Amino acid sequence: MRRLIALALVVALMVVTAVPAAEAGGAATNIALGLASFAVFNSLFVAPFFYPRYAYAAPAYYYPAYPTYPVVERPYVVERRYYQTVYVQTPEPAPAPRYSNVVQYPHGRYELRGDGVRTPYQWVWIPNPPPPPPAAPPPPPTQ
């Protein structure tokens, strides 16, 4: 027992003298480096002695054991059926109703121009031409 305590004390003194002291006295980077070296030292040298089950990582996934089933052979029966191909002539569908591109009003009309792909759709107002002037009155009869 004394030998074990003496060995632990010697190892601790060697580690203390071998590991550089972490200075946390200046910039934030020095503080971060000191904490990082402390964490690495503890995970490598201290944790395996106090927590031996965490010293090595266990596999993350175990493959399940698949059960084995007996192989049963049965005769394979092929049933053949022959079908006759029947062609049925379907009537042609009715054409889609044709929509007019012109909307008539008494004083003019709107025309839809463009194809919607190369040129955008646009409604254009086209007024009706003015009515012709009234006919001239007939000349008075001569005597």
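Glu111 touches Asn101, Val102, Gln122, Trp123, Val124 and Ile126, leaving aside residues up to four places away in sequence. The model is a predicted one.

Glu111 lies in strand 2, which spans residues 108-113. Its relative accessible area is 18%, so Glu111 is buried, given that buried means under 20%. The side chain of Glu111 also takes part in a polar contact of 3.0 Å with the side chain of Arg109.

**Aromatic pairs**

A pair of aromatic rings is described by the distance of the centres and the angle of the planes. The count of aromatic pairs in the model is three. Among them is the pair of Tyr105 and Tyr110, which is edge-to-face.

| Ring pair | Centre to centre | Angle between planes | Class |
|---|---|---|---|
| Tyr105 and Tyr110 | 6.2 Å | 80 degrees | edge-to-face |

Through ring pairs, Tyr105, Tyr110 and Trp125 are linked into a cluster.

**Accessibility of the cluster**

Tyr105 has a relative accessibility of 41% and therefore counts as partly exposed. Tyr110 is likewise partly exposed, its relative accessible area being 34%. For Trp125 the relative accessibility is 33%, so this residue too counts as partly exposed.

Notes
Residues numbered from 1 in each chain as written. Predicted model: local features only at pLDDT ≥ 70, side-chain atom pairs only at ≥ 80, totals over all residues. Heavy atoms only, no water. Helix = DSSP H or I, 4+ residues; strand = E, 2+ residues; numbered from the N terminus. Buried < 20%, exposed > 50% of the residue type's maximum accessible area, 1.4 Å probe, protein only. Polar contact = N/O pair within 3.5 Å; in protein donor to acceptor, adjacent residues only side chain to side chain. Contact = heavy atoms within 4.5 Å. Phe/Tyr/Trp six-rings, centres within 6.5 Å; stacked < 30°, edge-to-face > 60°.
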